[in-house]
Amino acid sequence: MFQRNSVIVFVLWLCTVLLTGVAHATVDREKLLSEPGVYGTFAVFQVHEDWWKLDQASRRVAAAEIKGVIQKHGERVAIDTYLLRGLTEKADFFVRVHSTELMSNQHFLVDLMGTTLGTYLKNTVTFNGIAKKANYVPGFPADLQTALKTPPDPGPKPYAIVIPIRKDADWWLLDQAARTTLMQEHAAATVPYLKTVKRKLYHATGLDDVDFITYFETATPADFNNLVIGLERTRENRHNKRFGNPTILGTIRPLDEILDILTR
Ligand code: HEM
């Protein structure tokens, strides 16, 4: 009898361990953010003024619901959250979602919009893109390739900037060698900023109305301002048909902090 009870207890314990393990399995974020072939979706949201008319208790219950949705999708998508409120009148926060299946990004966002808070959200803009291997870097001189490997300074880089870009038809009609020359100029202009500006490039041609979604993190917005001025003075910039519009500037914040701001 004692033996049978022990077996039952053991089986129950094993089930708990396995189920808890499954429930907490999360996607390998570092891998998703560094590999080619991964889809990135940027979704920007504005909170409707009626949200603030709800009492605090209701807003807190609604905020807890969001955490459940994040947990549910954590196995397939990596989710980063950003606060925009205060830095723009156009939106309050945005999420950047990565996964190997674009549809997984969609599933998460549909569930997010289906929550109580979601019904108070206006999705002001969304961008989709895919990370790819470098097109031009292998054709750059060795010293520039080495310089581009300079790691960003350690430490927090709380500001995030997203700039969608569309190239003109002339750009795509240039041959690979001509584009490489212009991109070499582009890359050379960025060298002074490698330590203070971290970047990630998404290709969006055919998936969105833009060709690229560029994403940056920095602790010094002043550096980013100078970097873009430097890039605007390169010949490659002549081929930028659309630059920004919108330019999205926010701060990287954990979800809890954003929910706290929305439930104060
Ligand atoms: C530290 C800052 C930056 C560095 C180190 C950097 C470096 C590079 C490099 C090496 C490439 C070529 C990638 C390849 O071989 O495919 C590239 C592409 C690109 N960069 Fe930058 N960049 C920086 C900032 C910017 C900024 C501020 C913008 C505009 C907002 C920008 C827009 C682009 C675009 C649109 C491409 C893709 C061009 C194409 O494939 O046709 N970059 N960047």
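Modeller: Start with contacts. Two residues are in contact if their C-beta atoms, placed from the backbone, lie within 7 Å. In the chain, take contacts between residues at least 6 apart in sequence: 82% of them join residues at least 24 apart. Keep in mind that this is a predicted model.

Colleague: How do you know what confidence the chain has?

Modeller: pLDDT is the predictor's confidence, on a scale from 0 to 100. The mean for the chain is 93. Of its residues, 91% reach 70 or more.

Colleague: What makes a residue buried, and what percentage of the chain is buried?

Modeller: A buried residue has 20 or more other C-beta atoms within 10 Å of its own. Of the 264 residues in the chain, 23% are buried.

Colleague: Which domains does the chain have?

Modeller: The domain assignment gives two ranges for domain 1, 27-131 and 251-263. Domain 2 covers 137-249. Their centres, taken over C-alpha atoms, are 25 Å apart. The contact between them uses 16 residues from domain 1 and 16 residues from domain 2.

Colleague: Which elements supply the side of domain 1 that touches domain 2?

Modeller: Strands E1 (39-47), E4 (121-130) and E9 (248-252) each give two or more residues. E4 has the largest share, five residues.

Colleague: What makes a residue on that side count as nonpolar, polar or charged?

Modeller: The residue type decides. Asp, Glu, Lys and Arg count as charged, and Gly counts as polar. By that rule, the side of domain 1 that touches domain 2 has 11 nonpolar residues, four polar and one charged.

Colleague: Now the ligand. Which residues around it come nearest?

Modeller: The ligand has 21 residues around it, and Ala134, Asn135, Tyr136, Thr190 and Phe212 come nearest. The cut-off for being near a molecule is a C-beta atom within 6 Å of it.

Colleague: Which elements give two or more residues to that shell?

Modeller: Strands E5 (159-167), E6 (197-203) and E7 (212-218), plus helices H7 (176-190) and H8 (221-232). H7 gives the most, four residues.

Colleague: How do the residues of the shell around the ligand divide?

Modeller: Into 16 nonpolar, four polar and one charged.

Conventions
Residues numbered from 1 in each chain as written. Predicted model: local features only at pLDDT ≥ 70, side-chain atom pairs only at ≥ 80, totals over all residues. Domains from an automatic or database assignment. Buried ≥ 20, exposed ≤ 12 C-beta atoms within 10 Å, placed from the backbone.
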